[in-house]
Amino acid sequence: PDTVTDILDIINVATGFTMYAPSGTPNNGQLLQMRYKVATATLYSITWNQVVATGFTARLGPTLPTRAVVTTTQLFLEFMYDSGQGLNKWVLLRRLG
């Protein structure tokens, strides 16, 4: 399949936020990588949009984080878009950090 990897850097986070699915039409098997780093040593909440058709899910194992990490650590996430069997969501494959 023709897949594309997109990388999203989320740095200097200073408040809690909701992560929405990227715009556009993803392809089955497309990869999305995210890297988070917060601005201060305070933990910030992360809410994941799991309701809309192209939202996020963690059905394969690792859980979606609910807190951003402290400045000395980075959080890396890798998702794959799965349009098989009507799922149509970004599935979390790996979580590091």
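Author: Buried means under 20% relative accessible area. This is a predicted model, and in it both Trp 48 and Phe 79 are buried.

Reader: What makes Trp 90 buried?

Author: Trp 90 has a relative accessible area of 2%. The cut-off is under 20%, so Trp 90 counts as buried. You'll find Trp 90 in strand S7, residues 89-96, and its C-alpha atom is 5.7 Å from that of Phe 79, eleven residues away along the chain.

Reader: How do you know that the side chains of Gln 30 and Asp 6 make a polar contact?

Author: Their contact is 2.7 Å, and the cut-off is within 3.5 Å.

Reader: Why is the pair of Phe 17 and Tyr 36 called stacked?

Author: There are five aromatic pairs here. For Phe 17 and Tyr 36, the ring centres are 5.9 Å apart and the planes meet at 25°. Phe 17 is in strand S2 and Tyr 36 in strand S3, 19 residues apart.

Reader: What makes Trp 48 and Phe 79 a tilted pair?

Author: Their planes are 45° apart, with 5.7 Å from centre to centre. Under 30 degrees would be stacked and over 60 edge-to-face, so what's left is tilted. Ring pairs also link Trp 48, Phe 56 and Phe 79 into a cluster.

Terms used:
Residues are numbered from 1 along each chain as its sequence is written. This is a predicted model: local features need pLDDT of at least 70, side-chain atom pairs count only at pLDDT 80 or more; totals for chains, interfaces and linings use all residues. Side-chain values use heavy atoms; hydrogens and water are left out. Helices (H or I, at least four residues) and strands (E, at least two) are DSSP runs, numbered from the N terminus. Buried means under 20% relative accessible area, exposed over 50%, partly exposed in between (1.4 Å probe, protein chains only). A polar contact is a pair of N or O atoms within 3.5 Å; within protein, one must be able to donate a hydrogen and the other to accept it, and residues adjacent in sequence count only if both atoms are side-chain atoms. Rings of Phe, Tyr and Trp (its six-membered ring) pair if their centres lie within 6.5 Å; planes under 30 degrees apart count as stacked, over 60 as edge-to-face and the rest as tilted.
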